[in-house]
Amino acid sequence: MRGGGAPPDKEPLSPLGKEVGVRGAPSRAQAAYLALAIGDALGATVEFMMPREIQYKHGVHKDLIGGGWLHLKPGAITDDTQMSLALGDAIIQAGGLHAPTIAEAFSQWMRSRPVDIGHTVRRGIIHYRRTGQTQVPLNDNDAGNGACMRVLPIALATLGEPRETVDAACRLQAHITHHHPLSDAGTQCIVAMVQMALQGASQRELLQGPVQALIQQHPEFHFRTRREENPSGFIVHTLRAVFQALFDTDTFEDCLVDVVNRGGDADTTGAIAGMVAGALYGLEAIPERWVKGLDAEVKEQMMVQLSRLI
C-alpha cells in the first residue's frame with residue numbers, strides 16, 4: 001500500500017465502533033444504500049439521452065431494464081455504486097477514514113476494469129499510482145460529481161460526529177480524485193442532508209438547512225429559476241436537478257423517476273437523489289419491483305458492508 005500525502009493520511013479519522021449513528025433507524029440506512037444503487041441502475045438506462053429521446057423510446061422510464069449506452073443487464077449498477085462499495089470497504093479495513101487505504105481501494109477497483117469510469121476519477125487514481133499522493137492539486141476542471149456520487153459510506157461512518165469532522169472526511173475522500181471548492185461544498189451538503197434524514201429530518205428541514213446554506217455560500221446552486229434538464233457531470237448541474245426532483249415531489253418513486261427522466265448524467269443524478277430520498281422516506285417507500293430487480297450480489301454486498309459501517 002502506498003503512503004504519502006497530507007497529515008490526515010497518517011491516522012484514520014472517525015474510528016468505527018462508536019455508539020452514535022444510525023442504530024435507531026436501520027431501515028433508513030438500508031434504504032439509503034439500496035436507493036443509491038437503484039437510482040444508479042435506473043438512470044444508467046437513459047444516461048446521456050435527452051428528455052425527448054427518453055420519452056420517445058420509453059415513455060416514462062421507471063423500471064430496471066438495463067441497456068443504455070453501456071448495454072447493462074437489468075438491475076446492473078455502474079461506477080457510482082461500485083466506488084461507494086470500494087470506499088465503504090476501505091473505511092472498514094482501516095477502522096476509519098484513512099486516505100491511503102481509500103486511494104488503494106480506488107486503484108484496485110480501476111484494475112478490475114469497471115464498466116465505466118469518469119475522466120477525473122481516472123486521472124486522480126493515476127496521480128496516486130505515480131506519486132503516492134492521496135490529494136490531487138486544486139484544479140478548476142475538478143468540479144465534477146464523481147466525489148459526491150460515492151460519498152454515502154462517509155455519511156454512515158461519521159454520523160454523530162461534529163460537522164467539522166464530517167466535512168474533513170468528505171474532503172479527504174474527495175481530494176483523491178476531485179479538488180475544487182464547488183465539488184467540496186456540494187458533497188458536504190449531500191452528506192449533511194443524508195445524515196439529517198437518517199435522524200428523522202423532514203423534507204422542509206433539508207431545504208431550509210443544508211441546501212439553503214449551500215446556496216448562500218455558492219449561489220450557483222440556486223435551483224428554482226428553471227427546470228434542470230439534461231444535467232451534465234458538473235456538480236452544480238447535477239445537484240440542481242437532484243434538488244428540484246427531491247423538493248418538487250413527495251414520494252420516493254416520484255423523485256427518482258423525475259430525476260432520471262431528465263437524462264444527461266442520469267445514473268449519477270439517480271444515485272445521489274436515491275441516497276437522500278432513501279434516507280428521507282425509508283425502506284417501506286421503495287417499490288418492491290426495484291428492490292427485487294436490483295442485482296442480487298450488489299444487494300448482498302451493500303447489506304454486509306452496512307452492518308459493519310454502522
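Visitor: If Ala, Val, Leu, Ile, Met, Phe, Trp, Tyr, Cys and Pro count as nonpolar, Asp, Glu, Lys and Arg as charged, and the others, Gly among them, as polar, how does the lining of the second largest pocket divide?
Guide: The lining of the second largest pocket holds eight nonpolar, five polar and three charged residues. A pocket here is an open set of 1 Å grid points where a 1.4 Å probe fits, with protein on both sides within 12 Å along at least five of seven lines, and lining residues have an atom within 4 Å of a point. Please bear in mind that this is a predicted model, in which local features need pLDDT of at least 70 and side-chain atom pairs count only at pLDDT 80 or more, whereas totals for chains, interfaces and linings use all residues. Residues are numbered from 1 along each chain as its sequence is written, and side-chain values use heavy atoms, with hydrogens and water left out.

Visitor: Which helix gives that lining its largest share?
Guide: Helix 3 does, with four residues, and helix 15 (296-309) also supplies at least two; helices are DSSP runs (H or I) of at least four residues.

Visitor: And the largest pocket, what classes line it?
Guide: Its lining has twelve polar, eight nonpolar and six charged residues, and helix 5 gives the most to it, with three residues.

Visitor: Switching topic, where does UniProt place the binding site?
Guide: The unreviewed UniProt entry places the feature "binding site" at Thr78, Asp79, Asp80, Asp265, Asp267 and Thr268. Although these residues span 191 positions in sequence, no two of their C-alpha atoms are more than 12.2 Å apart, so they gather at one spot. Of these residues, Asp79, Asp80, Asp265, Asp267 and Thr268 are included in the lining of the largest pocket. Such annotations may be inferred rather than shown by experiment.

Visitor: OK, Thr268 then: buried or exposed?
Guide: Thr268 counts as buried (under 20% relative accessible area), because its relative accessibility is 2%. Thr268 sits in helix 13, which covers residues 266-281.

Visitor: How about Asp79, which residues is it in contact with?
Guide: Leaving aside neighbours within four places in sequence, Asp79 is in contact with Trp109, Asp116, Ile117, Gly118, Met149 and Asp267. Asp79 lies in helix 3 (residues 79-94) and is buried, with a relative accessible area of 6%.

Notes
Buried means under 20% relative accessible area, exposed over 50%, partly exposed in between (1.4 Å probe, protein chains only). Contact means heavy atoms within 4.5 Å. Ala, Val, Leu, Ile, Met, Phe, Trp, Tyr, Cys and Pro count as nonpolar, Asp, Glu, Lys and Arg as charged, and the others, Gly among them, as polar.
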